Amino acid sequence: MSDSREEQWGPPSQQGTCISRLVDASRTFETEAGVVKAVDGATLSVSRGEMVGIMGPSGSGKTTLLNLIGMLEDPSSGDVYFEEKLVRDYTAAERRRLRLTRVGFVFQQFRLIPTLSVIENVELPMALLSRSGSHQKMRARELIESVGLAGKGERRPGKLSVGEQQRVAVARALANNPALILADEPTSQLDSTSGGKIIDLLDDLRKRTNAAVVVTTHDSSISSLLARVYRMRDGVLAVVK
Amino acid sequence: MILTVLGFRNSFRKPVRTALSILGIALCIMLILAMAAVSQRYTTVVSQSYSIYSTNVVVVSRATFLLEGLPIGGTLPETTASQIAGLKGISSVTPMLLVVDFKQLVPINITIGIPLQNFTMFAKTVPLRLTGSYPASADQAVVGEYIARDSNLTVGSVMKQGDTILKVSGIVSTSNLILENAVIMPLETAQTTQGYDGFVSAFLVSSSGGASAASTEDLIGSIDAAIPGVEALNPAQSEVLTSPLVSSVSLINGGVDSFSELVAILFVAIISMVNITERRDEFLTIRAIGSSYRSLLKIGVAEVGLIAFAGVLLGLLLSSVAIGWVFWIVISVPMQTTIPQFFQLVPLSTILYASLGIIAIGVLVGSLVTATMTRNLK
């Protein structure tokens with residue numbers, strides 16, 4: 001890797017290092033209809049440099065599973081580890097810091113800030129980390145170029161196509177050079193061609209940054225693009241390939 | 001920086017609501033400052049009324065009603081002067097006729113009549129500058145600067161008082177609101193033009209024993225005992241009637257202040273709540289990607305801070321217009337006169353208290369609302 005490439009993407013980390021691990025993790029919610037088990041005894045480990053797909057219909061618990069991996073929620077039972085440490089042993093501030101520095105989120109429906117330009121949206125995670133203005137601006141430009149949106153940095157998200165907005169969301173997820181990228185239904189609002197391009201983009205970024213990527217989708221055609229796939233149904237996780 | 005920019009830009013997402021919020025805060029500021037200006041003017045008039053008396057004892061009729069330090073209603077025969085002068089310990093007695101109209105408790109159309117030889121007495125107690133000269137004859141008068149400006153009078157101009165034509169011999173420039181609004185003429189002329197032939201409003205009495213409290217009390221006691229139908233007062237006594245009025249004005253002023261501040265704070269709190277509720281997903285996203293509560297606070301504070309600041313600026317602008325309007329309606333002072341005098345009419349301390357108070361408390365309340373609501377977002 002050249003120096004400039006290291007500057008852009010950070011130094012390559014140890015391939016195969018376990019970044020997140022779930023051991024018999026469950027997450028239940030109490031609703032008016034009774035207790036709902038959104039994730040039921042999931043066991044999964046994700047290592048650096050690999051791309052994992054979670055397939056399943058809407059409401060099968062995929063988003064809750066990502067929330068557990070991303071430390072946005074605590075398991076009701078079982079254990080969740082992040083970088084080999086039990087998540088429950090991290091303080092709230094440590095988890096927040098880890099989410100900011102080690103995890104990149106690509107949310108369903110992108111969740112871009114409509115009042116910020118494309119470049120400012122990508123800068124946001126860096127701004128939360130109090131990085132210098134010039135550094136964050138430069139890196140945001142590089143990321144926007146890397147997702148194929150060069151020249152569209154000053155536009156507001158509302159002026160972009162759905163596919164372009166998804167690319168901005170991916171660029172934002174990469175802002176702080178994360179070790180783990182969690183993409184929740186990144187192709188759900190795209191046609192199959194655009195969806196395939198997003199998966200290719202994530203795979204390309206994985207190879208370049210050595211980050212682990214976890215993608216959820218209800219589109220079975222996407223699974224053919226992924227090397228390791230799980231299926232989720234009624235909160236239960238099962239290996240497909 | 002982006003967080004602050006985000007807060008600012010959010011304010012323009014709903015321009016009508018933001019504009020109404022700014023206007024609401026501006027109206028609160030306007031209410032506080034307009035009320036302060038009116039009460040300030042009122043208390044200044046009251047306090048300055050006493051200073052036109054160059055002596056420490058003022059003798060008035062028992063039928064006189066003292067309003068804002070000015071004798072209203074009752075009169076005394078001019079001949080009473082000789083009775084007072086005949087008492088032991090009196091060094092001088094100056095008759096004065098004071099005819100005042102009041103509009104909304106503010107003195108207007110003030111006519112003061114004093115003997116020709118006593119015209120310099122005001123200069124002893126009130127800082128003033130005379131352009132021209134004091135009257136040398138019964139057909140001359142000096143006028144206050146405001147009257148001169150309002151009636152377009154200069155030294156040498158003529159003016160009509162009833163059926164009498166008077167020549168302006170001088171113009172008095174002073175910060176005293178009574179003299180500034182008065183036509184001061186020889187006593188006889190005032191008595192004739194105002195229909196008070198042989199009568200005066202008050203006698204200004206000096207004692208030969210000096211102005212000590214004991215000497216003043218002795219003098220008052222001897223006048224009250226010797227001359228029926230009169231009342232000798234020192235300035236403290238003449239305040240008895242006006243003090244409750246001043247207190248009431250201060251109380252109302254305080255009430256309006258508190259109410260307006262409360263309304264402004266409610267505005268800010270509601271704006272913060274609505275902003276966060278409406279943009280729940282955005283706040284959740286920012287929190288999910290790892291934002292600290294301090295960063296979320298920055299966004300909230302930038303939004304309410306901008307609205308509060310804009311509200312204060314607009315409020316200051318509206319206040320100057322409102323104060324001008326109130327003074328024009330109440331005492332017929334032209335708006336073009338009062339608006340440039342905004343900072344004289346409203347004490348700087350009140351402006352700072354209202355402006356910075358609303359910004360500071362608004363930001364504090366906005367922060368608290370943002371902190372509480374973002375913490376509870378699920």
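Reader: What makes strand β3 (residues 51-55) and strand β8 (residues 212-217) of chain A a pair?

Author: They pair in the parallel sense over five bridges. Two strands pair if DSSP finds at least two bridges between them, so five bridges qualify them. One of the residues involved is A:V52, whose bridge partner in β8(A) is A:V214. Strands here are DSSP runs of E with at least two residues, and helices are runs of H or I with at least four, numbered from the N terminus.

This is a predicted model, where local features need pLDDT of at least 70, side-chain atom pairs count only at pLDDT 80 or more, and totals for chains, interfaces and linings use all residues. Residues are numbered from 1 along each chain as its sequence is written, while chains are lettered from A and ligands numbered from 1 in the order in which they are written.

Reader: Why is α4(A) called roughly parallel to α6(A)?

Author: Helix α4 (residues 118-128) and helix α6 (residues 162-173) of chain A pack at an angle of about 30 degrees, with their axes 8 Å apart. Axes are lines fitted to C-alpha atoms, for helices over the stretch in contact, and angles run from 0 to 180 degrees between N-to-C directions. Angles under 35 degrees count as roughly parallel, over 145 as roughly antiparallel, 65 to 115 as roughly perpendicular and the rest as oblique. That makes α4(A) roughly parallel to α6(A).

Reader: Which residues of α4(A) and α6(A) make the contact?

Author: From α4(A) come A:V118, A:N121, A:V122, A:L124 and A:P125; from α6(A) come A:V168, A:A171 and A:R172. Contact means C-beta atoms, placed from the backbone, within 7 Å.

Reader: Why does B:T79 count as exposed?

Author: B:T79 has 11 C-beta neighbours inside 10 Å.

Reader: What percentage of chain B is buried?

Author: Buried residues make up 44% of the 378 residues in chain B.

How values were computed
A residue is buried if 20 or more other C-beta atoms lie within 10 Å of its own, exposed if 12 or fewer, and partly exposed in between; C-beta atoms are placed from the backbone. Two residues are in contact if their C-beta atoms, placed from the backbone, lie within 7 Å.
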